Amino acid sequence: MTEEEQKKPGFLETAKSILYGMAGHDMSRYALKTRGSMEHLFILITMGDLLGIPILPPYYSLRILPYVVPQISTWKRRMLRERDLTDALA
Amino acid sequence: MTKEGTLSLRKIFEEHPERRYIMFGGKGGLGKTTFSAATAYWLAKQGHKVLVFSVDPQASLSDIFQRDIFGKGAVEIIPNLYAQEIDADQRIKEYQNMIRRKILDMYGLEQVPEEIENYIQAAAAEPAMEESAIFDAVVDIVVSAEYDYYIYDLVPLGHALYYLSMASVYDQWIDKITALRAEMEEYSQVAAIMQRKKETEEDAILRELQYIKERINKSSGILTDRERTAFFFVVIPEEMAILDTKKAAGLFARYDVPLSGYIVNRVIPETLAQQQIPDYLRHRLEMQKGHLATIKRELGDEVLAYIPEMERDITGLGMIEKMAYEMFGG
């Protein structure tokens, strides 16, 4: 966004943003969070042998590997950490 | 006896020219490679373009053709006859490098991260890796559709069953994760709509999964194709071999492998009995008679050929030609 636009957003734009903030934001946050969990589930069932759980034939899991490189470290942390009460609040 | 058997094997090929994928299965050491080579030889002499290839990491086509063809792609042995032995190690190495290159390209890295590199190396050390690599190489070979006939020199029974079960397990498994991936895509789209983004990125992983599924279906599809595949079991007139073969035939039937018939190998010629022969050989002949009777009783019409025990090893084109004559006649 340029400065000009930031200064005077149209009325309609403002209304849309407010509406999104009230209703849409939570829903999209929820959708992305669900997707995030599924992403980890997906990596677990394809790349499980990184944790020592052999699941997918390694020949084909290598094909998936390049796409999940960025997630590998966060995913390992998520899968291996201990659960506690604060998880419920997250 | 040999004569009528010979004709039935030949008849299968003449009556079913659409059966282009030919496989010989059986216990180790009964003559699968020999029959593969001789069949390839005969078909090539009939004017068909034939590729005989080995899916066994301990392949022996090089030995039978007396030429080093290991890892050299399809090598022409005689006009129309090509033979190939897949070098699984080489293929795995190339595949690993392809994965590394892809990672470097995708993220603009200089070097593959250590954790990832460890994984790539560990994966390649898995015993199943070799089988999967060959399995995958076979798909490359058969989709090229360059030949009239593809003759699989199969691995011994246990491994062949492993291939088949692997194919069906892979298939179901990939269906499941493809469904999960598709569902994930829906959530992404919901979020994108909420945030009024125009479109989501195409899911590259989903595409990759579909590719893998296609590859697996292709190769297992051929193994179980009633129209285009002929699967022959090789057995010898010995008790253990007969028992194991019957067991294996049952298992193969469960995976829907279309069985074309049995070939009995290593039959000691009965005419020998009329000659002056040592007791040792006479006893062998007597024992063989009993086993042949069992084979006739239990397999009956499904036996397509009885091949005599040859006087020497079958290596080299001369002996292959002789074997082809025993199998198919002139």
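Q: What makes a residue buried or exposed?
A: A residue is buried if 20 or more other C-beta atoms lie within 10 Å of its own, exposed if 12 or fewer, and partly exposed in between, with C-beta atoms placed from the backbone. In chain B, buried residues make up 38% of the 330 residues. In chain A, 23% of the 90 residues count as buried. This is a predicted model, in which local features need pLDDT of at least 70, side-chain atom pairs count only at pLDDT 80 or more, and totals for chains, interfaces and linings use all residues. Residues are numbered from 1 along each chain as its sequence is written, while chains are lettered from A and ligands numbered from 1 in the order in which they are written.

Q: How many helices and strands are in each chain?
A: Helices (H or I, at least four residues) and strands (E, at least two) are DSSP runs, numbered from the N terminus. Chain A has four helices and zero strands, in the pattern α-α-α-α along the sequence. Chain B has 11 helices and eight strands.

Q: Which domains does chain B have?
A: Domain bounds come from an automatic or database domain assignment. For chain B it gives domain 1 (2–85 + 128–156 + 224–328) and domain 2 (92–125). The centres of these two domains, taken over C-alpha atoms, are separated by 40 Å. The C-alpha trace of chain B spans about 95 × 40 × 35 Å along its principal axes.

Q: Where do the side chains of a strand point, and what is the case in E2(B)?
A: In a regular strand the side chains alternate between the two faces of the sheet. From E2(B), Val50(B), Val52(B) and Ser54(B) point one way, whereas Leu51(B) and Phe53(B) point the other way. Strand E2 of chain B covers residues 50–54, and five of its five residues are buried.

Q: Which strands pair with E2(B)?
A: Two strands pair if DSSP finds at least two bridges between them. E2(B) runs parallel to strand E4 (residues 81–85) of chain B, and five bridges join them. Within this pairing, Leu51(B) has Tyr82(B) as its bridge partner. E2(B) also pairs with E5(B) in the parallel sense, over five bridges; here Tyr149(B) is the bridge partner of Val50(B).

Q: What is a nonpolar core, and which residues touch the most other members of the largest one?
A: In soluble globular proteins, nonpolar side chains tend to be buried together. A nonpolar core is a set of buried Ala, Val, Leu, Ile, Met, Phe, Trp, Tyr and Cys residues joined through C-beta atoms within 7 Å. The largest core here has 99 residues, of which Val50(B), Ile263(B), Val264(B) and Met327(B) touch the most other members. At least three residues of this core come from each of domain 1 and domain 2 of chain B.

Q: How is contact between two chains read, and how many residues take part?
A: Two residues are in contact if their C-beta atoms, placed from the backbone, lie within 7 Å. By this rule, 26 residues of chain A are in contact with 32 residues of chain B. On the chain A side, helix H2 (11–47) and helix H3 (58–80) are the elements that give two or more residues.

Q: Where is a positive phi found in a residue other than glycine?
A: One case is Gln66(B), with phi near 55°. Gln66(B) lies in the loop between helix H3 (61–65) and strand E3 (75–78) of chain B. Gln66(B) is exposed, with 12 other C-beta atoms within 10 Å.
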